[in-house]
Structures are given as C-alpha cells and as structure tokens.
Amino acid sequence: MRILIAMILLVLSPITLACADEVRTNHTPFAKLNGSDRYMRHFELFAPKMLGEFYLTSIYLYQKNQLHVSLSFKDAFTYPDHNEAYISLNQESLDAYEIYLNYSTTEDGALVMCGGNIIKKSINDLLNAKKPKEVVPLPPKPQPER
C-alpha cells in the first residue's frame with residue numbers, strides 16, 4: 001500500500017506543480033486616464049501591493065534634472081491586489097516623466113534585506129499595460145446596535 005501511494009505521489013507531483021504555476025496570477029502595474037483639460041492630463045496609477053515576497057513601499061515621479069516627487073498611495077477600491085496614486089501632468093511632456101515603484105522586504109520599507117526591487121516605467125508603458133478585471137467589493141457589514 002505504501003509503495004502504491006509513493007508511486008501515485010511521484011507520478012502526480014510534476015502535474016500538480018505545473019497546474020499551480022498556471023493558476024498563479026501575476027499582477028502588474030498599470031494606469032488609467034482619469035480625464036484631461038486644456039493643458040493637463042489626470043491619471044490613476046495602480047501598483048501591485050506585493051511583488052513576489054516584496055511589499056510596495058514608495059512610488060516616485062521623476063523628470064530628469066527637474067522633478068523628484070514621492071507620491072502618496074492608498075488601497076485601490078476596485079483592484080484589491082493593488083494600491084493607487086493620482087497624478088496630473090502636462091500633456092505635452094508626458095514622455096519626459098518616469099515612475100519608480102519601490103518594493104522592500106518589510107511593509108514599512110524601514111529595512112531592506114537581500115536588496116529590494118525597483119520597477120521603472122513610463123506613463124505610456126503603464127497606460128498600455130494589461131489591466132486586471134475590476135472587482136466590486138462587498139458592502140461593509142452593518143455593526144450590531146448596542
């Protein structure tokens with residue numbers, strides 16, 4: 001009986017691992033155009049909360065020799081595995097901006113062990129990235145009255 005179970009496990013293990021790899025989803029950063037006016041375009045940036053085992057700790061907007069801004073971000077309402085940030089940029093110089101997503105081994109970014117992970121993207125890269133399906137979260141449960 002033990003031999004039979006061992007044989008079944010040996011035969012099915014590679015199949016199980018292959019299925020697990022296919023089911024795993026890979027969340028990527030992306031952006032949406034959130035409106036525009038005469039000179040400016042307004043964007044929503046979405047960055048995965050986790051990149052493998054690393055936590056998103058900061059998002060920077062950078063323009064060479066002119067701008068280096070840390071963006072504030074919060075949990076994305078309709079994309080539960082992402083954080084979102086908002087920016088407005090001059091539409092004539094969109095190609096001059098870069099977005100840096102910094103990931104760390106700790107949630108607060110205070111300690112980086114074995115290096116972190118940095119993703120550099122342009123606005124156009126983020127706009128053209130594959131977007132996950134939106135998820136409408138459940139409404140909050142009403143609190144019982146006391």
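In which helix is the place of Asp 125? In this predicted model, Asp 125 belongs to helix H2, which spans residues 123-128.

With a relative accessibility of 42%, Asp 125 counts as partly exposed, a class that lies between the buried limit of 20% and the exposed limit of 50%.

## The four-stranded sheet

Four strands make up an open sheet in the order E1-E2-E7-E6, and their pairing is antiparallel. Strands E1 and E6 are the edges of this sheet, each of them pairing on one side only.

Strands E1 and E2 run antiparallel and are joined by five bridges. Together E1 and E2 form a hairpin, with three residues between the two strands. Within this pairing, Lys 32 has Glu 44 of E2 as its bridge partner. Strand E2 also runs antiparallel to E7, to which nine bridges join it. Here Ala 47 stands opposite Asn 83 of E7.

## Asn 83 in strand E7

Asn 83 lies in strand E7. Its relative accessibility is 6%, and Asn 83 therefore counts as buried, the limit for that class being 20%.

When neighbours within four places in sequence are left aside, the contacts of Asn 83 include Leu 45, Phe 46, Ala 47 and Lys 49. Leu 56 is also in contact with Asn 83, as are Phe 73, Lys 74, Asp 75 and Ala 76.

The structure holds four aromatic pairs. In one of them, the ring centres of Phe 30 and Phe 46 are 4.8 Å apart and the ring planes meet at 15°, so this pair is stacked; the cut-off for stacking is under 30 degrees. The pair links distant parts of the chain, with Phe 30 in strand E1 (residues 30-36) and Phe 46 in strand E2 (residues 40-48), 16 residues apart. Phe 30 has a relative accessibility of 0% and counts as buried. Phe 46 is likewise buried, at a relative accessible area of 4%.

Phe 46 also pairs with Tyr 79: the ring centres lie 4.9 Å apart and the planes are at 65°, so the arrangement is edge-to-face, a class that requires over 60 degrees. Phe 46 is in strand E2, while Tyr 79 is in the loop between strand E6 (74-75) and strand E7 (82-90), so the pair ties together parts that are 33 residues apart in sequence. Both Phe 46 and Tyr 79 are buried.

## The hairpin of E4 and E5

A further antiparallel pairing joins strand E4 (residues 54-63) to strand E5 (residues 67-71) over five bridges. In this pairing, Gln 63 stands opposite Leu 67 of E5. The hairpin of E4 and E5 has three residues between its strands, and Asn 65 takes a positive phi near 60° in this hairpin.

How values were computed: Residues are numbered from 1 along each chain as its sequence is written. This is a predicted model: local features need pLDDT of at least 70, side-chain atom pairs count only at pLDDT 80 or more; totals for chains, interfaces and linings use all residues. Side-chain values use heavy atoms; hydrogens and water are left out. Rings of Phe, Tyr and Trp (its six-membered ring) pair if their centres lie within 6.5 Å; planes under 30 degrees apart count as stacked, over 60 as edge-to-face and the rest as tilted. Buried means under 20% relative accessible area, exposed over 50%, partly exposed in between (1.4 Å probe, protein chains only). Two strands pair if DSSP finds at least two bridges between them. Contact means heavy atoms within 4.5 Å.
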